[in-house]
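Hello! Here are a few notes to read with the model open beside you.

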Amino acid sequence: MSASSKKGSPAYLAGIVLIAVIGGLLFGYDTAVISGAEKGLQQFFSSATGFTYTDAIHGFTTSSALIGCIIGAFLSGFLASSFGRKKTLFVAGILFLLSALGSWRPEFIFFEKGVPTSGLLIAFNIYRILGGIGVGLASALCPMYIAEVSPAEKRGTLVSWNQFAIIFGQLMVYFVNFLIVRAHANDPAVQEWAMQVGWRTMFVSETVPAGLFALLILLVPETPRYLVLSGREDKALEVLTRINGYDKAGGILQDIKDTAVEKKERLLAYGFMVVFIGCMLSVFQQIIGINAVLYFAPRIFESMGMGNPMAQTVIMGIINISFTLLAVFTVEKLGRKPLLICGSAGMAVGAFGVALSNIADLPAFIPVASIMLYSACFMFSWGPVCWVYISEIFPNTIRSQATAIAVAFQWIFNFLVSSTFVPMYSWSPFFAYALYGVICIVAALFVWKLVPETKGKTLEDMNRLWRK
């Protein structure tokens, strides 16, 4: 028997996790691409003669992908249980690809190219919603897949890499958008280019990672937990052996079998609190307001008088990447709860700093530093750790359906925050950020009082934890 068979293959585990986190990268890429494209998109449809493209319609258009995210999240539980984690992720990859192509050329077959009409606007939003369904599926399934193939002592770190991929995807698209705009900065007809071509180029750039993910996901195995639940124990043992080694694989398989005997349990079989806590973690991750900042970052920096808002957005993306790595390397050492509580406190300070800057005559660097602090604290806490919790807190027999509901709550509140931020910010920037600051404090208290620490526990331990 080879050494890798006895101890498992770290390279094999790293390879399949690396492929899975491309789904997280696409999650970040697809949700953030709109930040660079929305101005050109607004100019394009505002030039329409057959209808009036209002701010309300633009708000819906920039957020329409989130409707798909809600649909995808709700479908994820059924698809993951019925067809498996791997096949559902493949479907997500195809949806990403279709959305990128359709958003680039929404006129396909049915409309005249370059002529804005109400029908073309509907077609564009349908393509964005398709991409959103892919995001909803990936947001639920990528952490679940990684959690179900990872050894307990590495699970928090490996699931956190998914959040790193999300932020890296956002940084990638910020940088791509920046390069696209910069390439035409000296063009006398730059406004016309941005209105007709620029936003299309930004959307079609997603086809590269989307196509790569759809192909590579076919190479990974199905998760051992799903294989056991679907009666393929021999295949589950084979995957567990390659990951954990022969000595451990049998014991892990027995634990999975012991917690899978009840097969299809009702959602509240382990009580109300497990589902409530999982859903509220998702809700707090959104209502602390981070996506309002990420989606509208260029406009926010422009309103602060920054010279090149796209460049500032790239800088913020680099800071976000750095602090996400902090979580990756500390989540198994410090635990989940301390990171969430400390991150909430730091976000509150940053949010109140931005709020005060809108009613007091403070130097320009203070609101910029405050918003960077706010974003950075999210990146080492609620960003990765919430996904770690959602992927591991639910018992095996209800994980698919409970995760689907928790992620759906996340996207519902993402849509509410994103669609209300602009009118709230226009009415009172102070109120908008002060509200987020207060919610951050409430989130810290919620974690402190109600959320259990799950560091070092196996997924099968969740059954025993909530049975108590």
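1. Helix α20 (residues 429-450) gives the nonpolar patch its largest share, three residues. The patch on the surface is formed by Leu356, Ile359, Leu362, Trp427, Phe430, Phe431 and Leu435, with about 690 Å² of accessible area together. Areas are Shrake-Rupley values with a 1.4 Å probe, and helices are DSSP runs (H or I, at least four residues).

2. This is a predicted model: local features need pLDDT of at least 70, side-chain atom pairs count only at pLDDT 80 or more, and totals for chains, interfaces and linings use all residues. Numbering runs from 1 along each chain as its sequence is written, and side-chain values use heavy atoms, leaving out hydrogens and water.

3. Phe27 and Trp387 are both buried (under 20% relative accessible area). Among the 21 aromatic pairs (ring centres within 6.5 Å, with the six-membered ring used for Trp), theirs is edge-to-face (planes over 60 degrees apart), because the centres are 5.9 Å apart and the planes at 85°. Phe27 lies in helix α2 (residues 10-46) and Trp387 in helix α18 (residues 382-392), so the pair ties together parts 360 residues apart in sequence.

4. At 1% relative accessibility, Trp411 counts as buried.

Definitions and conventions. Patches are made of residues with over 30% relative accessible area and no salt bridge: like charges are joined within 9 Å, nonpolar side chains (Val, Leu, Ile, Met, Phe, Trp, Tyr) within 5 Å. A salt bridge is a side-chain nitrogen of Lys or Arg within 4 Å of a carboxyl oxygen of Asp or Glu. Helices (H or I, at least four residues) and strands (E, at least two) are DSSP runs, numbered from the N terminus. Rings of Phe, Tyr and Trp (its six-membered ring) pair if their centres lie within 6.5 Å; planes under 30 degrees apart count as stacked, over 60 as edge-to-face and the rest as tilted. Buried means under 20% relative accessible area, exposed over 50%, partly exposed in between (1.4 Å probe, protein chains only).
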